[in-house]
Amino acid sequence: MAMTDVLSAEDIKKAVGAFSAAESFNYKKFFEMVGLKNKSPEDVKKVFHILDKDRSGFIEEDELKFVLKGFTPDGRDLSDKETKALMAAGDKDGDGKIGADEFATMVAES
């Protein structure tokens with residue numbers, strides 16, 4: 001499954017482009033711009049599984065660094081600071097990774 005099976009290619013391009021500058025990533029604005037906030041819980045889970053590159057059932061910090069590339073190959077890598085902020089926002093139980101339910105909560109709160 002590709003990200004464009006769930007989200008509009010145009011929305012992805014705009015959202016990734018809006019955060020192309022270093023240290024500019026804001027997950028709340030990004031999820032809204034990319035159209036994820038208005039998707040069904042099933043679609044949010046589909047996006048989660050696309051971002052879970054190693055199929056572990058979790059998005060770990062090393063996968064978060066490349067989250068924009070999960071939406072489009074020409075997305076930039078997040079900085080360590082942005083990655084840690086995103087992990088802190090999503091990792092509600094403090095286990096160092098984001099599960100599907102935590103991801104859904106993070107999207108819903110954006």
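This note covers the salt bridges in a predicted model.

1. Ground rules. Residues are numbered from 1 along each chain as its sequence is written. The model is predicted, so local features need pLDDT of at least 70, side-chain atom pairs count only at pLDDT 80 or more, and totals for chains, interfaces and linings use all residues, while side-chain values use heavy atoms, with hydrogens and water left out.

2. The count. A search of the whole structure finds seven salt bridges. A salt bridge here is a side-chain nitrogen of Lys or Arg within 4 Å of a carboxyl oxygen of Asp or Glu. Three of them, named below, are D43 with K46, E82 with R76 and K92 with E109.

3. D43 and K46. The closest N and O atoms of this salt bridge are 3.5 Å apart. Both residues sit in helix α3 (residues 41–51), three residues apart, which means about one helical turn separates them. Helices are DSSP runs of H or I, at least four residues; strands are runs of E, at least two; both are numbered from the N terminus. D43 is buried, at 18% relative accessibility. K46 is partly exposed, at 34%. Buried means under 20% relative accessible area, exposed over 50%, and partly exposed in between (1.4 Å probe, protein chains only).

4. E82 and R76. Their side chains form a salt bridge at 2.7 Å, N to O. Are these two residues buried or exposed? Both are buried.

5. K92 and E109. Here the closest N and O atoms are 3.3 Å apart. K92 lies in the loop between α6 (80–90) and β2 (97–99), and E109 in the segment after α7 (100–108), so the pair ties together parts 17 residues apart in sequence. K92 is partly exposed, at 48% relative accessible area. E109 is partly exposed too, at 44%.
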